[in-house]
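Subject: Structure handover

Hello,

Here is the structure I promised to pass on. Please open it alongside this message. My notes follow below it.

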Amino acid sequence: FQVLTYNPVIRKLKPRVPLKETRYLNMEQVKKLLAHVVDKSYGTAIWLQLYLGLRVGEVQALRWSDVDLASGHVFIQRAFSRKDTWATKELIIKDYPKGRKHHTLALPPELWDFLKEKKKEANSVYVSPSPQGKILPYERYRRRLISFCEELEIPVIGTHGLRHST
């Protein structure tokens, strides 16, 4: 009875998924967005993603203790895991970013000055917290980013699009 445990035809009949080109902003649109969000909630997260190219989980987990404003460096040592948090219903911050390697980034002068001002009014351990001072909520951040893009009449991009706009 040579019964197969799987259907070999399935591999041949898989539909090809069309590749979508990654969306990003040009320099003029980036400048417009940065100027618009300077003093708005979730603006710090947008600044960090556009200047440093951080993943959204790295921005969510970034603490003031990871930012050395004296030397102008940011230490990427942890990342928030949405997938694990959703499964366990508790906040999961991993002790390593994607790729499992800690890394250090130099702050561009504009971002350095911006963070110095934000540090003066900081009321949370997180660099880019929610308005309540807790960890940045992804879905609200994403919706706010979309509304900023619509207000400015620039292409609507997601959080990963900011990373590609660096």
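A residue is called exposed when its relative accessible area is over 50%, and buried when it is under 20%. Please keep in mind that this is a predicted model.

The face of H6 turned away from its buried side carries two exposed residues, Pro-109 and Lys-120. The buried residues of this helix are Leu-111, Phe-114, Leu-115 and Lys-118. Seen down the axis of H6, they fall within an arc of 95 degrees, so they line one face of the helix. That buried set packs against helix H3 (43-52) and strand S1 (67-68). As for length, H6 covers residues 109-120, which is 12 residues. From first C-alpha to last, H6 reaches 17 Å, close to the 16 Å expected at 1.5 Å a residue.

Is Lys-118 buried or exposed by the numbers? Its relative accessibility is 16%, so Lys-118 counts as buried. A polar atom of the Lys-118 side chain lies 3.4 Å from the backbone oxygen of Val-38. Leaving out residues up to four places away in sequence, Lys-118 touches Val-38, Asp-39, Thr-44 and Trp-64.

Now to H3. This helix is mostly covered, with 9 of its 10 residues buried. They are Gly-43, Thr-44, Ala-45, Ile-46, Trp-47, Leu-48, Gln-49, Leu-50 and Leu-52. Thr-44 is also one of the residues that Lys-118 touches. Just after H3, Gly-53 takes a positive phi of about 70 degrees.

Next, Thr-159. Its place is in helix H8, which spans residues 159-164. Thr-159 has a relative accessible area of 6%, so it is buried. Which residues is Thr-159 in contact with, leaving aside its neighbours within four places in sequence? The list is Gln-49, Val-56, Tyr-138, Tyr-141, Arg-142 and Leu-145. Gln-49 belongs to the buried residues of H3. Thr-159 and Leu-62 are 97 residues apart along the chain, and their C-alpha atoms are separated by 16 Å.

Then Phe-80, in strand S3 (residues 79-80). Phe-80 is buried too, with a relative accessible area of 12%. Phe-80 and Gln-60 are 20 residues apart along the chain. Their C-alpha atoms are separated by 6.1 Å.

Finally, the whole chain. There are 8 helices and 5 strands. From the N terminus on, the elements run α-α-α-α-β-β-β-α-β-β-α-α-α. The C-alpha trace spans about 75 × 35 × 30 Å along its principal axes. The radius of gyration is 19 Å, while a compact globule of 166 residues would have one near 15 Å. Buried residues make up 39% of the 166 residues. The chain exposes about 11000 Å², and carbon and sulfur atoms supply 54% of that area. Take the contacts between residues at least 6 apart in sequence: 61% of them join residues at least 24 apart.

For a first look, I would go to H6 and its buried residues, then to H3 and S1, which they pack against.

Best wishes

Methods. Residues numbered from 1 in each chain as written. Predicted model: local features only at pLDDT ≥ 70, side-chain atom pairs only at ≥ 80, totals over all residues. Heavy atoms only, no water. Helix = DSSP H or I, 4+ residues; strand = E, 2+ residues; numbered from the N terminus. Expected span 1.5 Å × (residues − 1). Buried < 20%, exposed > 50% of the residue type's maximum accessible area, 1.4 Å probe, protein only. Arc of directions from axis to C-beta. Contact = heavy atoms within 4.5 Å. Rg over C-alpha atoms; globule rule 2.2 N^0.38 Å. Areas by Shrake-Rupley, 256 points an atom, 1.4 Å probe, with all protein chains shown as cover. Polar contact = N/O pair within 3.5 Å; in protein donor to acceptor, adjacent residues only side chain to side chain.
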